[in-house]
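Subject: Structure for you to look at

Dear colleague,

Here is the structure I said I would pass on. My notes on it follow below.

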Amino acid sequence: MAAPGALLVMGVSGSGKSTVGALLASELGWKFYDADDYHPEENRRKMEMGIPLNDQDRIPWLCTLHDVLLRDIASGQQVVLACSALKKMYRDILIRGKDGAAPTGEEPGKEEKPTAVQLLVVYLSGSFAVISGRLLRRKGHFMPPELLQSQFDTLEPPCAPENFIEISVDGSLSEITATILDTLKMT
C-alpha cells in the first residue's frame, strides 16, 4: 500500500471526527480540514430544521472537498479531512471527484489528468447509545441529535477493497490517535 496523501476521518455525527482529525493533523504536521466548514448554507439550514441531507445535497459538497484535497496533495501537502462520508459512493467521490458519483462516458477532446486522491479511511465506529450520549452533551453545532438515527440508517461502513482501518470510539482520545499513528507507520 502506498503512503496516503490524505487521511479521511469518517463516522456519524458525534463520533469524534473533528477532534481526532485535528489531533492527527497536529501530530503529523499535516493540514486539517473539517468538511462541515464547506457545507453550503442550504445544507446547514436543512440540518438545523431537522431535515436529513440527501445525495443531491451531498454530492456537490463532496466534489468541492475532493477538489480541495487534490489541490493540496498536488502541491505536496498531506491532508487530514474530517468528514462523515457515510456511504461508499461518498468516499468514492472524495477519491475520484464527480467521476466517483456515477460511471460516465469519456468526454471527447478532454485531456486526462490525475484526479484520484490516495486516501486512507479512518472509520470511527461506535454504538448508537455511546454516540447519542456525546451528541446530547455537545453545544453550538448545527447538526441536531435528532438526526443521528438517519446517519446510522445511511451508514455503509467501509469494507474491502477500500483502504481503511476501523477504530472504536470506546477508547480514549490518546488510544485512538496512537492506534492510527501506529497504523500509518506501517504504510
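How many aromatic pairs does a search of the whole structure find? The search finds two. Please keep in mind that this is a predicted model.

One of the pairs is formed by Tyr-33 and Tyr-38. Their ring centres are 6.1 Å apart and the planes stand at 70° to each other. Pairs with planes over 60 degrees apart count as edge-to-face, so this pair is edge-to-face. Tyr-33 is buried, because its relative accessibility is 9%, whereas Tyr-38, at 30%, is partly exposed.

Next, two helices. Helix 3 (residues 55-74) packs against helix 4 (residues 88-96) at an angle of about 30°, and their axes are 7 Å apart. The two are therefore roughly parallel to each other. The crossing of helix 3 with helix 4 is right-handed. On the helix 3 side the contact is made by Asp-55, Arg-58, Ile-59, Leu-62, Cys-63, Leu-65, His-66 and Leu-69. Helix 4 contributes Met-89, Tyr-90, Ile-93, Leu-94, Ile-95 and Arg-96. Of the residues in this contact, 10 are nonpolar, one is polar and three are charged.

Last, Leu-23, which lies in helix 1 (residues 17-28). Leu-23 has a relative accessibility of 29% and so counts as partly exposed. Leaving aside neighbours within four places in sequence, Leu-23 is in contact with Leu-173 and Thr-177. Ser-174 is 151 residues from Leu-23 along the chain, yet the C-alpha atoms of these two residues are separated by 9.4 Å.

Regards

Note on methods. Residues are numbered from 1 along each chain as its sequence is written. This is a predicted model: local features need pLDDT of at least 70, side-chain atom pairs count only at pLDDT 80 or more; totals for chains, interfaces and linings use all residues. Side-chain values use heavy atoms; hydrogens and water are left out. Axes are lines fitted to C-alpha atoms, for helices over the stretch in contact, and angles run from 0 to 180 degrees between N-to-C directions. Helices (H or I, at least four residues) and strands (E, at least two) are DSSP runs, numbered from the N terminus. Angles under 35 degrees count as roughly parallel, over 145 as roughly antiparallel, 65 to 115 as roughly perpendicular and the rest as oblique. A crossing is left-handed if the near helix is turned anticlockwise from the far one by less than a right angle, and right-handed if clockwise. Contact means heavy atoms within 4.5 Å. Ala, Val, Leu, Ile, Met, Phe, Trp, Tyr, Cys and Pro count as nonpolar, Asp, Glu, Lys and Arg as charged, and the others, Gly among them, as polar. Buried means under 20% relative accessible area, exposed over 50%, partly exposed in between (1.4 Å probe, protein chains only). Rings of Phe, Tyr and Trp (its six-membered ring) pair if their centres lie within 6.5 Å; planes under 30 degrees apart count as stacked, over 60 as edge-to-face and the rest as tilted.
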